[in-house]
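I opened the file to look up a few residues and the overall build of the chain. My entries follow in the order I made them.

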Amino acid sequence: MKVYRTDEIRNVVLLGHGGSGKTSLVEAMLYVSGATNRMGKIADSNTVSDFDKEEQKRGFSIGTSLIPIEWEKAKINILDTPGYFDFVGEVEEAVSAADAAVIVVSGKAGVQVGTEKAWELCDKYNLPRMIYVTEMDVDDASFRQVVADLTEKYGKKIAPHFQPIRENEKLVGYINIIKNAGRRYTGLGQREECEIPDYCKPNLEILRDSLMEAVAETSEEFMERYFNGDEFSVEEIRAAMRTEVMDGDIVPVAMGSNLQAQGVANLLSDIVRFFPSPDKRSCVGINRRTNEIFEANYDFAKSKTAYVFKTMVDPFIGKYSFVKVCSGVLKGDDVLYNADTDAEEKPGKLYTLCGNKPSEVSELFAGDIGAIAKLTNTRTGDTLSVKNNPVSYARTDFSVPYTYMKYRVKNKGDEDKVSQALARMTAEDITLKTVNDSENRQSLLYGMGEQHLEIVASKLASRYKVEITLETPKVAFRETIRKNSDVDSKYKKQSGGHGQYGHVKMKFEPSGDLETPFVFEECVVGGAVPKNYFPAVEKGLQESVVKGPLAGYPVVGVKATLYDGSYHPVDSSEMAFKTATIQAFKKGFMEASPVLLEPIASLKVTVPDDYTGDVMGDLNKRRGRVLGMTPVAGGKQVIEADIPMTGLFGYCTTLRSMTGGRGTYAYTFARYEQAPSDVQEKEIAARAADE
């Protein structure tokens, strides 16, 4: 692929609900642009962007793929993203590198949750956007309905500039509203001029009027001409639309059929025509040496800098770091400096990837997207620059994974292989996290949802040939006491030669401090227990609180006082006193009204107003206590509640099904509270069954 200058580049992310047709649109774009000679199909597992075995097996995108397309002397870097919410991290990576977005909407399914989420992402990143309605070749698709729903949701900025011509429920052509001219399809991706059918004219008039009104609002001169009844030329309309699209004041709506490659050429032309090149958007970092602002602004004349927005680790083709060049011109023989890790990197070669197929390029201009292989000290979110001008850009704001499962390695001896494979996968997927919970002796895997974690387990088996099982994790309960106890414990063992003798009298009571396992005091009078055995008593307590006598959970909030005892001048030893203390603790703890404490989380659930009743009802079922509600922008409410950690298992899936995917949640650990008796009994029974 030839080298493109900054003004010839368009970086476009495809967003939309799962199954709306993003990947098949990419196939049609590749075919229409001449990059491929036949279109792949998701059902045949042969599409360019769904190259991963898991994607082919499941029939939907899991990762973002980069597809460069050459069209009308421009290079369009298409970022094809997953539509399912479990893979939102991939979408956030792509959006951070894009300069504009095409929101793909199914003409059959209409505006869905994924459409709304895509729009919100564009608002967050201030991205110019277009809407492309797919499946117009399907019987019950309705372009008019989609436009009506979009207008109701987002107002007058929705501006269709194509209108379908349908005969016998089939898409046979379209009307270009800007040119006021009809086109009829003659073959796959082919078209010719035609008359505008009479039945299309009433709707055409409405659509053209609203488009002209939007164009008129771009300047006072245009407004005057509009009121005088003057016609705008095609060039004037397009120039005005380009300005409005870049400002986000107009969102053009196009349509077509991916399978028939209809409407795709128009979409590609619109991307080149209406979307900004990278240099039309600002890009600012900070110079790490001087702490001054570095205005990169995708200027190819400035010092070289690039932001690593994604990492791909493939067992067959290796590791690729996807970069967006923010300033300067990147070349293969450059020596780059990573200020985040204070390491130099030598790219050697630069690539542009089409799916998983790398093609070498000699250089990448500012604003272009490419990939560098085998960068050892560079991760997603790092900035590459030159040593005498070290620059860093703000890291992408990724969603936090809250769903977690315990994982167990299936085959003994595979532990190292699993941890190495997971290290690679977490480098590739920012929303995947592994945590070693030593307290409960379990390994935890955090992700965006249960499907995300299932796919991770499946990838480990297919890619890395190691297997794990996912199980419900243990919750970090604690044990404490509510009353006082007084214990006399003697450890005595007689055998040939030296015996063992340790005798302690101890009091146990609540310390009132649930942050600290235990407090040890001694008030022994008259040397009943010599001072040199006090550390042994304390050591016995230290060992006892690790695994409590009630259900095997760590102990907190206990005060232990050694007040008396006895010793033997020959047989007493540290070991004997430690053992006597362990026995005393077990007995004293169980006599002091022991209770289980459960972890409580502070939960915030953000949902549209319509769902607040259902969500609060569900929280009550999970033993949650709703503390209040706060209205936020977009007709949503933030419900704040305290909830036991056990009540959060499976919450992600329940919340999505309850709110149609519109609800989100976040939580943090708050404190420990006494568990209800039924929960306590269940945990004690589970512990007894384990032993």
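**Entry 1: N297**

I began with N297, which counts as partly exposed because its relative accessibility is 24%. The model is a predicted one, and I kept that in mind throughout. I placed N297 in the loop between β13 (293-295) and β14 (305-314).

Next I asked which residues N297 touches, not counting those up to four places away in sequence. I found D279, R281, S282, C283, V284 and C326. With C283 I also noted a polar pair: a polar atom of the N297 side chain lies 2.9 Å from the backbone nitrogen of C283.

I then checked N297 against D513. The two are 216 residues apart in sequence. C-alpha to C-alpha, N297 and D513 are 55 Å apart in space.

**Entry 2: D50**

I moved to D50, in the loop between α1 (22-32) and α2 (53-58). D50 is buried, yet I found no salt bridge for it. Where is the nearest side chain of opposite charge to D50? It belongs to K22, 9.3 Å away.

I looked for a polar partner instead. The side chains of D50 and S61 are joined by a polar contact of 2.8 Å. Leaving out residues up to four places away in sequence, I listed T23, E55, Q56, F60 and S61 as touching D50.

**Entry 3: T81**

Is T81 buried or exposed? T81 counts as buried, because its relative accessibility is 1% and the limit for buried is under 20%. I located T81 in the loop between β3 (74-80) and α3 (88-97).

A polar atom of the T81 side chain lies 2.6 Å from the backbone oxygen of L14. Apart from neighbours within four places in sequence, I counted V13, L14, L15, K22, S61, T64, V91 and A94 as contacts of T81.

**Entry 4: the whole chain**

I finished with totals. The protein chain has 16 helices and 37 strands. Its C-alpha atoms fill a box of roughly 110 × 60 × 50 Å along the principal axes. Of its 691 residues, 55% count as buried.

I took the contacts between residues at least 6 apart in sequence, and 72% of them join residues at least 24 apart. The accessible surface comes to about 30,500 Å². Carbon and sulfur atoms hold 48% of that surface.

Last, I looked at charge. The chain has 86 positive and 100 negative charges. Their mean positions are 6 Å apart.

How values were computed
Residues are numbered from 1 along each chain as its sequence is written. This is a predicted model: local features need pLDDT of at least 70, side-chain atom pairs count only at pLDDT 80 or more; totals for chains, interfaces and linings use all residues. Side-chain values use heavy atoms; hydrogens and water are left out. Helices (H or I, at least four residues) and strands (E, at least two) are DSSP runs, numbered from the N terminus. Buried means under 20% relative accessible area, exposed over 50%, partly exposed in between (1.4 Å probe, protein chains only). Lys and Arg count as positive and Asp and Glu as negative; His and the chain ends are not counted. A salt bridge is a side-chain nitrogen of Lys or Arg within 4 Å of a carboxyl oxygen of Asp or Glu. A polar contact is a pair of N or O atoms within 3.5 Å; within protein, one must be able to donate a hydrogen and the other to accept it, and residues adjacent in sequence count only if both atoms are side-chain atoms. Contact means heavy atoms within 4.5 Å. Accessible areas come from the Shrake-Rupley method with a 1.4 Å probe; for residues, only the protein chains shown count as cover. The place of a charge is taken as NZ of Lys, CZ of Arg, CG of Asp or CD of Glu.
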